Number of protein chains: 2
Amino acid sequence: MRKHITGFSNPTVKYLRSLRDKKHRRRAGQLLVEGLRLLEDARSSGRVPQMLVMAEGREHDLLTRLEADVMAAGGEVIATTPDILSKITGKDNAQSVAGVFDEWDTSLAVLDRETAPIWLVAQALRDPGNLGTMLRTCDAVGAGGLILIDDCADPFSAEAVRASMGALFTVGLAQARWDEFLPWLRAGDGQLVAASLRDAVPYRGADYRAPCFILVGNESQGLPEDYEAACDLRVTMPMKGRADSLNAAVAGAVLAYEVLAAIDARR
Amino acid sequence: MRKHITGFSNPTVKYLRSLRDKKHRRRAGQLLVEGLRLLEDARSSGRVPQMLVMAEGREHDLLTRLEADVMAAGGEVIATTPDILSKITGKDNAQSVAGVFDEWDTSLAVLDRETAPIWLVAQALRDPGNLGTMLRTCDAVGAGGLILIDDCADPFSAEAVRASMGALFTVGLAQARWDEFLPWLRAGDGQLVAASLRDAVPYRGADYRAPCFILVGNESQGLPEDYEAACDLRVTMPMKGRADSLNAAVAGAVLAYEVLAAIDARR
């Protein structure tokens, strides 16, 4: 049965609003996902929200099915006004539906490196749009997922989820410090490749090996020198212009497609 | 001589604030660029602001030189409080300096296609971050510049300028409708290549020819069918996942690096 909320000061509204904030999100262990398309991506990946919040009077086959799934899983469905939805999402033109999910385990232990030939690894990635774009690239190149090293943007933020175009729900995700990541990597197969300017070979035609872990550094600082030194291979892309770097998500994607071609050619 | 502004309601402060808005920017024909690094990129590309606004008491060699250049060019230098700078830029942690530039001519006539082997072309690109990232990619691959087709985000917005990392000042930029662009392109040499899913060949090893114009479509709709049909070559990238598309700036960059490699190999 739907619960109806019409008051701006309702505690559920306040709670949902608070999920826009990283600190509250972390404490609650939940994230808010906006829009039917993303919710549908989640559903088709087997993730059903604990709570569904929709604008009164909206009808859509997908929405009806989603509502049924949420009910069947013991979740809650809330109908409210478009204004309250706008308040919850902080957007003037709010999507007509949002869902609340429990955050999931993002420890390295959840990743199985044997399942994919490519993995993206981002160190101190600060921009949630870049983070989401890298998740999306993982999906496109058939990478196993994205590993976030050190202090990165929050993968469960609305901006990251949106930029991922649903890939947050379909590819692997882990968060770790460098000194956890490196022992984990070295405990099994895996080539660590840095996008680098120091002591690097051309990225094109380099000797990539699956599973290949492509490491991209922070947007403004790049990778710390000792991180680069710990890599099995340092590759560089041509820089024909005045600047010496690419957008982090772009660098990761150009490398990922190169690695994909190299690995496919060897099969 | 510096002019000092201490009042929030000063008309210059109001004017500078208004430049955050596209409509006002267009009417004024000016843009606001924040931060010493971007202003220094502009200066080294021969663009000196008409007006420099800086926080009182900030000292920096580059800032001193920039101030002298602005004075020498007959421009205005304004010293103000950090709070007023924050108000102007709309950011809590405002950069300590901002500059006002006249927008420049972005008609196709300003581009010389013979000067570069690669050009990026974006159609209905809506995200200013993607736009700036594509300008940055142009710089990296040695592309002549970015051509914006139909209704795109504003390349002179703060977000686009910031994402370009200064490339706005160093690479070419044009804005045109499709029905201006196509005759312009066909009036000279130039291969038009679409990132496409329809009737396309693999992007890897395709027959790219300089000057190569890489056309990328809108973030959610992709390219209109008739635009694709007008291209000389349609190429597709592997999509191993659930989704059928990449972020627009990523797609443009992966293709641009492929074209660069193909053209370099033929030299």
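In strand 11 (residues 212-216) of chain B, B:Cys212 is the bridge partner of B:Ile118, a residue of strand 6 (residues 118-123) of chain B. Strands 6 and 11 of chain B run parallel and are joined by 5 bridges; two strands are taken to pair if DSSP finds at least two bridges between them. Helices (H or I, at least four residues) and strands (E, at least two) are DSSP runs, numbered from the N terminus. The structure is a predicted model, in which local features need pLDDT of at least 70 and side-chain atom pairs count only at pLDDT 80 or more, whereas totals for chains, interfaces and linings use all residues. Residues are numbered from 1 along each chain as its sequence is written, chains are lettered from A and ligands numbered from 1 in the order in which they are written, and side-chain values use heavy atoms, with hydrogens and water left out.

Strand 6 of chain B is also joined by 4 bridges to strand 7 (residues 145-149) of chain B, again in parallel, and B:Leu120 has B:Leu146 as its bridge partner there. The chain passes from strand 6 to strand 7 of chain B through helix 6 (residues 128-141), and this β-α-β crossover is right-handed (with the strands pointing away from the viewer, the path from the first strand over the helix to the second runs clockwise).

In a regular strand the side chains alternate between the two faces of the sheet. In strand 6 of chain B, B:Ile118, B:Leu120 and B:Ala122 on one side and B:Trp119, B:Val121 and B:Gln123 on the other are all buried (under 20% relative accessible area, with exposed over 50% and partly exposed in between; 1.4 Å probe, protein chains only). In the loop between strand 5 (97-102) and strand 6 of chain B lies B:Thr106, which is buried with a relative accessible area of 12%. B:Thr106 touches B:Phe156, B:Leu173, B:Ala174 and B:Gln175, not counting residues up to four places away in sequence (contact means heavy atoms within 4.5 Å).

Between the chains, 33 residues of chain A are in contact with 33 residues of chain B. About 2,700 Å² is buried between chain A and chain B, 52% of it on carbon and sulfur atoms; buried area is the accessible area (1.4 Å probe) that two parts lose on being put together, summed over both. A:Arg136, A:Arg242 and A:Tyr257 supply 25% of the area that chain A buries against chain B, more than any other three residues. A:Arg242 also forms a salt bridge with B:Asp41, the closest N and O atoms being 3.2 Å apart (a side-chain nitrogen of Lys or Arg within 4 Å of a carboxyl oxygen of Asp or Glu).
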